[in-house]
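Let's take a walk through this structure and look at which charged side chains pair up. Keep the chain in view as you read.

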Amino acid sequence: MLVIAKTPVPGRVKTRLTPDLTPDQAADVAEAALADTFDAVLAAPAARRVLVLDGPPRPWFPCGLEVVPQTGGGLDVRLAAAFGLCTGPALLVGMDTPQLRPDLLAVDWTDSDAWFGPAADGGFWALGLRRPDPALLLGVPMSTPRTGAAQLARLTGAGLRVGLLPELTDIDHIADFAAVAAAAPGTRTARLARRLLPGTAVPQPHRAPARAKASATATTTATATAAATA
């Protein structure tokens, strides 16, 4: 499992969230999104988990992640280099989709040579290769509305059987931040959105399972009491 990310530094991350947010707040969003991504990656099955990082690691980065620096060059070069670290099946994700879940990362390679997760903005949030080949990424135009289509065409053009993951929304703009938080209300990202976007309807996490458990416990206790006094 590969995570490609930037260290959350004000002025270097989530710059398109400004001026709606301050640079410090935008960096807080990046930090929350990255932490949520770590949670999903650490809970997903993987023989090796690698954070391919632009910038210095932070003390709060969790154990269980191998941290390696990103190479220089364009994004296609950096992604290709990340896959070059792997000798077996590898799935790469970014730090912009904190709503991802561990089950989305548990891909099955039996009938697929590649996995592709499209992003709502025309890019992609996940890319998996059963046999990592950096050449499958080099030269793909990045950060355009056609990036996802171009990358998918590169995979299918190479004769690979491609499995498709659900489309997710990247956090690029303030509306994305609100939408992603609403879709995953139990995440750190959502908690931050409720604080930074007070006028936006970001729901609280659903707590019905906890209430159901409490109700079941009460019912069991009442039944046991009735049986004891009968």
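Start with Asp 54, which counts as partly exposed at 23% relative accessibility. On this scale, buried means under 20% relative accessible area, exposed means over 50%, and partly exposed is what lies in between, using a 1.4 Å probe and protein chains only. Asp 54 forms a salt bridge with Arg 12, and their closest N and O atoms are 3.2 Å apart. A salt bridge here is a side-chain nitrogen of Lys or Arg within 4 Å of a carboxyl oxygen of Asp or Glu. Asp 54 sits in strand 2 (residues 50-54) and Arg 12 in the loop between strand 1 (2-6) and helix 1 (23-43), so this pair ties together parts that are 42 residues apart in sequence. Helices (H or I, at least four residues) and strands (E, at least two) are DSSP runs, numbered from the N terminus. Arg 12 is partly exposed too, at 37% relative accessibility.

A quick word on what you're looking at: this is a predicted model, where local features need pLDDT of at least 70 and side-chain atom pairs count only at pLDDT 80 or more, while totals for chains, interfaces and linings use all residues. Residues are numbered from 1 along each chain as its sequence is written, and side-chain values use heavy atoms, with hydrogens and water left out.

Now, which residue does Arg 16 pair with? Its salt-bridge partner is Asp 172, with the closest N and O atoms 3.2 Å apart. Arg 16 lies in the loop between strand 1 and helix 1, and Asp 172 in the loop between strand 7 (162-164) and helix 5 (174-183), so the two tie together parts 156 residues apart in sequence. Asp 172 counts as buried, at 10% relative accessibility.

Next, find Arg 161, which forms a salt bridge with Asp 113; here the closest N and O atoms are 3.1 Å apart. This pair also links distant parts of the chain: Arg 161 is in the loop between helix 4 (147-157) and strand 7, and Asp 113 is in the loop between helix 3 (102-105) and strand 5 (114-118), 48 residues apart. Arg 161 is partly exposed at 39%, while Asp 113 is buried at 13%.

Salt bridges can join up as well: Asp 36, Asp 39 and Arg 188 are linked in a network of them. Altogether, the count comes to nine salt bridges.

What about disulfides, meaning pairs of cysteine sulfur atoms within 2.5 Å? A search of the whole structure finds zero. As for the cysteines, Cys 63 is exposed at 74% relative accessibility, whereas Cys 86 is buried at 17%.

Methods:
A disulfide is a pair of cysteine sulfur atoms within 2.5 Å.
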